[in-house]
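Please consider the sequence and the model shown below. The paragraphs that follow lead through the fold from its sheets to its helices.

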Amino acid sequence: MQTRNYTRGRSGQSVVAIVPHISCCKSIGAIDNTFGPYSSRKVSTHYAVSARTIHQYVSESDTAWSVGNWPWNCKTISIEHVGTVDNPPTYECLDMGAQLMAEIARRYGWDRLELGDNVRLHREFAATSCPANMDYEWEIERANEYLSSSSEKKKNRGHDMEMLFYVKGEGGTRYLCGTNQHVLNSPEEQAAIETAYRKCYGEEIPHVVLDKVTGRNFISALS
Ligand SMILES: [Zn+2]
């Protein structure tokens with residue numbers, strides 16, 4: 001009974017913008033059920049964020065059924081946020097979204113994110129209030145802070161330290177880019193990072209195995 005709610009490829013279009021959405025879901029698990037590729041609903045999203053994690057359901061090279069407008073589905077990357085109209089996404093959740101937006105922007109060569117340009121809203125494309133009362137302006141500003149701090153670091157140090165790491169006793173691979181870490185959800189994501197790193201820097205991304213420590217301690221140990 002599984003369905004796969006996305007379309008392979010981008011119908012010849014290029015990605016031109018990120019669309020932040022309010023999911024009307026109270027948890028990332030509820031977003032998994034509603035927007036994941038095996039949901040019975042004919043909707044999907046590339047990513048979902050909570051205060052703690054990022055899930056990916058559709059490859060950026062494929063089209064998610066997310067904005068209710070086919071040409072714009074083909075040209076956008078969608079990010080659903082945990083939150084409802086009554087309890088909009090928290091600033092921790094928006095911060096996670098901002099980190100993801102900045103990471104996407106870097107890969108597409110966008111120096112800044114601008115509403116109306118490379119950030120667009122769902123309600124521009126379909127009869128919806130989405131993203132409702134979510135503070136997307138704060139999120140865009142925060143993403144731009146991540147973008148400008150990473151370009152500063154690049155000037156000073158070549159490039160941010162990046163690695164893939166595995167914590168003993170815990171499943172899954174994590175990706176550290178600069179000071180932010182992301183849990184990877186599929187081998188495809190890991191392969192995409194390895195390929196992108198190789199193309200950018202002409203060498204393999206470091207793979208590191210850690211004894212069990214909390215991510216927070218690990219990050220603070222680095223800085
Ligand atoms: Zn939406």
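A residue is called buried if 20 or more other C-beta atoms lie within 10 Å of its own, exposed if 12 or fewer do, and partly exposed in between, with C-beta atoms placed from the backbone. Helices (H or I, at least four residues) and strands (E, at least two) are DSSP runs, numbered from the N terminus. The model is predicted: local features need pLDDT of at least 70, side-chain atom pairs count only at pLDDT 80 or more, and totals for chains, interfaces and linings use all residues. Residues are numbered from 1 along each chain as its sequence is written.

In these terms, the protein chain has six helices and ten strands. Of its 223 residues, 33% count as buried. Two residues are in contact if their C-beta atoms, placed from the backbone, lie within 7 Å. Among the contacts of the protein chain with a separation of 6 or more, 66% are between residues 24 or more positions apart.

Strands of a sheet pair through backbone hydrogen bonds, in either a parallel or an antiparallel manner. Here two strands are taken to pair if DSSP finds at least two bridges between them. By this criterion, β2 belongs to an open sheet of four strands with the order β2-β6-β3-β4 and mixed pairing. The edges are held by β2 (17-22) and β4 (54-56); each has a single partner strand, so one side of each is left without a neighbour in the sheet. On average, neighbouring strands of this sheet are turned by 25 degrees against each other, direction ignored; the axes behind such angles are lines fitted to C-alpha atoms, for helices over the stretch in contact, and angles run from 0 to 180 degrees between N-to-C directions.

The pairing within this sheet can be followed strand by strand. β2 and strand β6 (residues 76-81) pair in the parallel sense over six bridges, and Ile 22 has His 81 in β6 as its bridge partner. Strand β3 (residues 47-49) runs antiparallel to β4, to which three bridges join it; Ala 48 stands opposite His 55 in β4.

Tyr 166 has Thr 173 in β8 as its bridge partner. The hairpin of β7 and β8 has five residues between the strands, and Gly 169 takes a positive phi near 85 degrees there. β8 is also joined by four bridges to strand β9 (residues 180-183), again antiparallel, with Arg 174 opposite Val 183 in β9. In the hairpin of β8 and β9, two residues lie between the strands, and Gly 178 takes a positive phi near 60 degrees.

Arg 106 lies in helix α3 (residues 91-108) and counts as buried because it has 20 C-beta neighbours inside 10 Å. Arg 106 touches Leu 147 and Ser 150, not counting residues up to four places away in sequence. Helix α5 (residues 187-201) has 15 residues and, at 1.5 Å a residue, should span 21 Å, which agrees with the 21 Å between its end C-alpha atoms; the expected span is 1.5 Å times one less than the number of residues. Just after α5, Gly 202 takes a positive phi of about 70 degrees.
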